[in-house]
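Please read it alongside the coordinates.

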Amino acid sequence: MRSWGLLAILALSLAPGRAQTAQPEPNAATWPTLHEGDFIVHDFHFESGETLPELRMHYTTLGKPVKDASGHTSNAVLILHGTGGTGGQFLRPIFAGVLFGQGQLLDATKYFLVLPDNVGHGKSSKPSDGMHAHFPQYEYADMVALQHELLEKGLGVNHLRLILGTSMGCMHSWIWAETYPDQVDAVMPLACLPVQIAGRNRVWRKMVIDGIRQDPDWKNGDYTTQPRAALQIGADFLLIAGGAPLHLQQDLSTRDAADEYLDESINRMTATLDANDLLYAVSSSRNYDPSSQLATIKALVMFINSADDFINPPELGIAEREIKKVKNGKFILLPASDQTFGHGTHTHAAVWQQYLKQLLEESQH
């Protein structure tokens with residue numbers, strides 16, 4: 001479950017009964033062009049003023065890059081994971097099986113698909129590698145800058161046909177479109193809002209942050225065994241934030257079923273979480289706010305949220321308001337149904353692939 005990430009824990013299927021029988025991640029043999037690698041970024045300067053002499057960016061790619069007559073990469077697609085996730089999560093059947101196969105929308109024989117592990121996540125450099133709470137306090141701007149370093153200097157990609165981002169990756173996609181407006185054709189942000197993290201979204205994140213820091217066993221990040229209470233409060237909030245009310249009610253229709261599911265889920269999640277990694281990942285959203293620069297975006301944007309998303313509730317009206325600032329932007333709100341999975345709808349590609357098809361067609365040159 002760790003490979004699905006924290007806010008995507010239930011994206012396997014937010015119906016609890018189905019989550020127990022999720023299909024395993026395919027191995028490399030499933031995708032003949034799959035490649036995993038590491039790119040080392042030297043002397044990276046973080047927004048906080050901190051530096052690392054060497055920073056490892058792990059990545060997975062499928063397909064091969066193609067250059068057009070002017071030397072621009074013409075078929076690169078950057079796919080960005082959510083808080084606590086990895087690039088490898090997108091190889092699961094509910095995503096790759098819908099999009100990456102021959103003849104599908106992101107056919108890996110035609111596109112160069114880049115699936116990075118963000119700093120602080122997966123096999124990229126992170127606090128739990130050894131620095132603990134002495135690891136630089138990264139934020140979203142740093143993560144996007146490192147993605148750009150990986151693409152340009154590590155993989156030789158100088159232009160993106162598409163950025164598709166889920167949850168945290170959704171927020172990164174807004175930053176990308178503003179920071180590198182001439183390097184992206186199309187953007188598909190899934191499950192976020194293009195405004196500062198505030199209101200309930202900030203409140204629950206601050207609860208997780210404070211819950212970790214206030215656990216005496218956290219020891220200012222220098223613990224030798226995982227602080228139990230810190231992990232408990234983190235896992236509790238992640239389950240609530242990622243849950244889909246309709247599926248939870250249908251599948252946990254009795255008190256005992258709900259209690260059993262909670263116990264099993266917390267045990268599973270806390271078995272793989274690291275308190276510092278979780279703290280850093282949740283805290284990295286603290287300075288995010290692309291709202292003032294949305295009018296500078298040149299790419300076509302197809303922005304999608306689902307109505308049963310705890311983190312981005314539709315009644316706020318923020319998405320509808322902010323998309324008006326984007327010259328070539330469209331917002332789609334997926335109504336809550338048996339086909340949506342709360343915040344985790346972003347990883348169920350069958351639910352929204354029709355809109356990806358539309359975006360790819362409309363952004364063709």
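How much space lies in the largest cavity? In this predicted model, the largest cavity holds about 60 Å³ of space.

**Cavities and a pocket**

The count of cavities of 30 Å³ or more comes to 5. The lining of the largest cavity consists of Leu193, Asn305, Asn312, Pro313, Pro314, Leu316, Gly317, Ile318, Ala319, Glu320, Phe331 and Leu333. Two elements, α10 (318–322) and β8 (329–334), each supply at least two residues of this lining. The largest share, 3 residues, comes from α10.

About 40 Å³ of space lies in the second largest cavity. Its lining is made up of Leu190, Ala191, Ile304, Asn305, Ser306, Asp309, Leu334, Gly342, His343, Thr345, His346 and Trp352. Here strand β7 (residues 300–306) provides the largest share, 3 residues.

Helices α6 (228–242), α7 (245–251) and α8 (255–270) each contribute at least two residues to the lining of the second largest pocket.

The table sets out volume and lining by class for these spaces.

| Space | Volume | Lining by class |
|---|---|---|
| Largest cavity | about 60 Å³ | 8 nonpolar, 3 polar, 1 charged residues |
| Second largest cavity | about 40 Å³ | 5 nonpolar, 6 polar, 1 charged residues |

**The α3 and α4 pair**

Two packed helices are described by the angle between their axes and the distance between the axes. At what angle do the axes of helix α3 and helix α4 cross? The axes of α3 (residues 140–154) and α4 (residues 168–179) cross at roughly 75° and come within 10 Å. Therefore α3 is roughly perpendicular to α4, since angles of 65 to 115 degrees fall in that class.

On the α3 side, the contact is made by Tyr140, Met143, Val144, Gln147, His148 and Leu151. These meet Met168, Met171, His172, Ile175 and Trp176 in α4. By class, the contact of α3 with α4 has 8 nonpolar and 3 polar residues, with no charged residues.

The structure holds 1 disulfide. Cys170 and Cys192 form this bond, with their sulfur atoms 2.0 Å apart. The link of Cys170 and Cys192 is left-handed, with -60° about the S-S bond.

Technical notes
Residues are numbered from 1 along each chain as its sequence is written. This is a predicted model: local features need pLDDT of at least 70, side-chain atom pairs count only at pLDDT 80 or more; totals for chains, interfaces and linings use all residues. Side-chain values use heavy atoms; hydrogens and water are left out. Helices (H or I, at least four residues) and strands (E, at least two) are DSSP runs, numbered from the N terminus. Axes are lines fitted to C-alpha atoms, for helices over the stretch in contact, and angles run from 0 to 180 degrees between N-to-C directions. Angles under 35 degrees count as roughly parallel, over 145 as roughly antiparallel, 65 to 115 as roughly perpendicular and the rest as oblique. Contact means heavy atoms within 4.5 Å. Ala, Val, Leu, Ile, Met, Phe, Trp, Tyr, Cys and Pro count as nonpolar, Asp, Glu, Lys and Arg as charged, and the others, Gly among them, as polar. A disulfide is a pair of cysteine sulfur atoms within 2.5 Å. On a 1 Å grid over the protein atoms alone, a cavity is a set of points where a 1.4 Å probe fits but cannot get out, and a pocket is an open set with protein on both sides within 12 Å along at least five of seven lines; lining residues have an atom within 4 Å of a point. Grid points are joined across faces, edges and corners, and a volume is the space filled by probe spheres set on the points.
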